[in-house]
Amino acid sequence: MNFNAEQLIASVQKIILRVDGIKLHSFFIPDPLGGGYLHLSPKGNTCRRVMQLEGLAGRAAEQKSPASVQNPMSSAQTSLIEKNLITDENTVLLAVPVVQEAELIGLVEVSLPASTSAQEAETQKPEWTAAAENLTPLFLMFREQRVARKTFVAIIRALTAAIDSKEPYMQGHSTRVCKYSLIIAEELGLGPQHQDDLELAALMHDIGKLCIPEKILHKQEPLDDSDWKEIRKHPAVGADLVSRIPNLGEIINVIKYHQERYDGQGYPEGLWADKIPLFARGVAVADAFDAMTSNRPYRRRFPEDVA
């Protein structure tokens with residue numbers, strides 16, 4: 001359900017490099033799931049989200065026709081993002097929109113040989129427009145996958161809202177943990193594909209509570225030892241439930257280990273420090289923050305600056 005940035009970049013490169021003498025600079029794909037555009041580049045196999053197209057890409061997208069610039073490193077027509085990905089200062093940068101029925105479904109930027117004159121770049125634009133059409137099936141397939149994932153996430157959000165409703169004081173808990181986890185992901189510099197995984201993991205981190213008796217979840221007084229024995233089962237139970245869904249390896253780890261503690265005093269396995277998966281550590285922090293800043297039957301919430 002998630003996308004693989006490296007595979008997507010490799011697929012675009014395979015199509016683009018059919019033309020001799022050019023290099024793939026980067027490409028943009030509208031993202032119906034997260035909004036804006038995903039910007040991918042073979043330079044470091046990077047993937048980031050941008051909310052609007054700027055520079056040469058913005059001009060090509062607006063006019064829905066190719067746009068080029070010589071010496072892009074020193075040109076005012078290129079954005080900072082475009083400049084940062086240029087490997088040859090003397091190259092000619094060409095931005096080619098991929099359009100279907102007047103709708104922009106992607107945009108690819110390529111580096112032409114430095115010897116390419118402005119006139120040659122201009123005469124090659126129709127050729128590149130035709131070449132870019134070869135990317136249409138790939139970009140459309142990507143969009144369909146993202147739309148399907150958007151539906152999947154909506155279903156998961158509805159399911160987790162139902163799980164949270166089992167505990168009166170937990171309303172909106174999973175949604176808030178998801179929000180805080182994504183803030184942490186941004187601070188860590190994690191790319192969109194990792195944020196996708198973290199979003200699902202945070203939403204489903206408590207899915208194992210489906211198997212906890214409601215009399216424990218509704219208990220107004222502090223839990224006793226037997227109650228805690230049941231509560232501590234929920235990470236492993238949740239991981240087992242989700243393990244039946246394919247391609248969710250990292251998400252399963254978060255569900256299983258989000259109750260581990262950095263000092264090794266957590267559960268179910270008593271992992272500590274870096275032995276706890278990174279995403280599980282992020283969700284654990286978000287989970288703890290929401291717990292401290294929410295009311296409980298046995299205490300009032302802490303102010304955010306105290307938590």
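Mentor: Gladly! Keep in mind that this is a predicted model. We can start with helix H5 and its partners: the buried residues of H5 pack against helix H1 (5-16), strand S4 (67-70), strand S5 (92-100), strand S6 (103-112), helix H4 (118-123) and H6.

Trainee: Which residues of helix H5 are buried, and within what arc do they fall?

Mentor: Helix H5 covers residues 125-132, and its buried residues are Lys125, Trp128, Ala131 and Ala132. In an α-helix there are 3.6 residues a turn, so residues three or four places apart point the same way. Seen down the axis of H5, the buried residues line one face of the helix, because they fall within an arc of 115°.

Trainee: Is the pair of phenylalanine 27 and phenylalanine 139 stacked or edge-to-face?

Mentor: That is one of the 2 aromatic pairs found in the whole structure. Phenylalanine 27 sits in strand S1 and phenylalanine 139 in helix H6, 112 residues apart, and both are buried. Their ring centres are 6.1 Å apart. Planes under 30 degrees apart count as stacked, and these planes are at 25°, so the pair is stacked.

Trainee: What about tyrosine 180 and phenylalanine 289: what is the angle between their planes?

Mentor: Tyrosine 180 lies in helix H7 and phenylalanine 289 in helix H13, so the pair ties together parts 109 residues apart in sequence. Tyrosine 180 is buried, at 16% relative accessible area, while phenylalanine 289 is partly exposed, at 22%. The pair is edge-to-face, with 5.0 Å centre to centre and an angle between the planes of 90°.

Definitions and conventions: Residues numbered from 1 in each chain as written. Predicted model: local features only at pLDDT ≥ 70, side-chain atom pairs only at ≥ 80, totals over all residues. Heavy atoms only, no water. Phe/Tyr/Trp six-rings, centres within 6.5 Å; stacked < 30°, edge-to-face > 60°. Helix = DSSP H or I, 4+ residues; strand = E, 2+ residues; numbered from the N terminus. Buried < 20%, exposed > 50% of the residue type's maximum accessible area, 1.4 Å probe, protein only. Arc of directions from axis to C-beta. Contact = heavy atoms within 4.5 Å.
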